[in-house]
Amino acid sequence: MNGRPGHDVRILSRQLVGHFAEHVAPCSTLPGDALQGDITTVTRVCLELTVDMLEGREPDEKVARLQRAAANWAREGIPIDTVHHAVHEGFRLAFDLLLNRTDPHLRPENPAQLLLRILDTITPAVSLAYVREHQAAVTEHHTAVHTLVSALLAGHPTSTMARVSGVEIEPSYVVVAMSIPAHPDESHPNVDGKVVARRKLRRLQTALADRGDGRMLSLLSIDGGTVLVPETECDEEQLGDLITELSAAAQVAVTATAITAATEEISAAADRVHELLDTVLRLDSPPGLYRFADLAMEYQLTRPGPGLDRLGTLLDPLDGFPDLLETLRRHMATGLSRRRTARQLQVHTNTVDYRLKRIGQLTGLDPAQPSGLWYLRAALVARTYRESDSSPTGRESLPREYGQNIC
């Protein structure tokens, strides 16, 4: 190399790696074979790349070698900050050494600008290769976990898939069915609604991962799905807190239902918990967490049979009075609060009282009496199932996961 007497890139690269191990904290924790192997090789490539750019040559082939090495580091789990630290320290030292060994007449006019050009070449190349490999590994793991959760929900054997995904199967889970409403910005005319929806889902998935340390399994789309929470992970209060945290992360009010089941019974439990969620949504119940005990009566009323058919006809006298039906639905959903019902309907409380009295006159079921109130609630549950085409969810055929955008 012109102007560089006695210069030996291989010896210099080994010297730099020794400096890394002794003085650069992130590198000092790397295994010896990593320092003496890939790190040494890459340091030499970096030196050669620097020489090429000092002498005006394009370093394309050396950049490709660095990208292959960065991909290997990602596969081996070497942190990217360690990689960048080593590369930047190597260039700093190498640049000084090379300039000192260069004939002063052959030095570049602006060494700082050249150094920035070199770093601008290498840093994006290393980062891109590292991130691509990391994303591929994450995708592979995510696909394996996705397949495992699908098998659990379908009741198929999962031992082989558990080994592939690296997930330890728990003896029992709380099976949680979730409904995730649209974020307000999803319908904003000046915003890409699909991006907003994906970001909402990502935030929720991140919150699940942070809370469960990877033990919570999920199969979610932008509008809902299923989460399997290890029974040992959450008691009653903690499960409620989890739904609150997920709502905060998604920035929308999540509605969820939960049933505890042994692992081999997850498939049947998933069917029941989504049927229960369907009941909650049909009744316009407030967002939050619902256990089976909270809606056992409503759930039982939805089972097909002559009882359901008979109950469904009790509100037929209100068919010509949509305002009365809506008032009844709101009144039940607000826990029989006249003020909240009036506020939601944007009417006076006296109007609510009048409408409830009118409902009693038309149906023969007095909302002011316990027996009349019970039958009205039961009839309302039954009617929502009879009116399947106009149900609030519109998702009768999707028992475990909603939509097509599974992430």
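Reply: Start with pairing: two strands pair if DSSP finds at least two bridges between them. This is a predicted model. In it, five strands form an open sheet in the order β2-β3-β1-β4-β5, with mixed pairing.

Me: What makes β2 and β5 stand at the edges?

Reply: β2 (217-221) and β5 (288-291) each have a single partner strand, so one side of each lacks a neighbour in the sheet. From one strand to the next, the twist averages 25°.

Me: How do you know that β1 and β4 are paired?

Reply: Count bridges. Pairing needs at least two. Eight bridges join β1 (residues 172-179) to β4 (residues 255-262), so the two strands pair by that definition. They run antiparallel. Met178 stands opposite Ala256 in β4.

Me: Which strands do helices α8 and α9 lie across?

Reply: Helix α8 (residues 193-212) lies across β1, β2 and β3 (224-230). It runs at about 170° to β2. Helix α9 (residues 236-250) lies across β1, β3, β4 and β5. Its angle to β5 is about 145°. Angles go from 0 to 180 degrees between N-to-C directions.

Me: Why are some residues called buried, and what share of the chain is that?

Reply: A residue is called buried because its relative accessible area is under 20%. Of the 407 residues in the protein chain, 46% are buried. The chain exposes about 20,800 Å², and carbon and sulfur atoms supply 51% of that.

Me: How many helices and strands does the chain have?

Reply: The protein chain has 16 helices and five strands.

Technical notes. Residues numbered from 1 in each chain as written. Predicted model: local features only at pLDDT ≥ 70, side-chain atom pairs only at ≥ 80, totals over all residues. Heavy atoms only, no water. Helix = DSSP H or I, 4+ residues; strand = E, 2+ residues; numbered from the N terminus. Buried < 20%, exposed > 50% of the residue type's maximum accessible area, 1.4 Å probe, protein only. Areas by Shrake-Rupley, 256 points an atom, 1.4 Å probe, with all protein chains shown as cover. Contact = heavy atoms within 4.5 Å.
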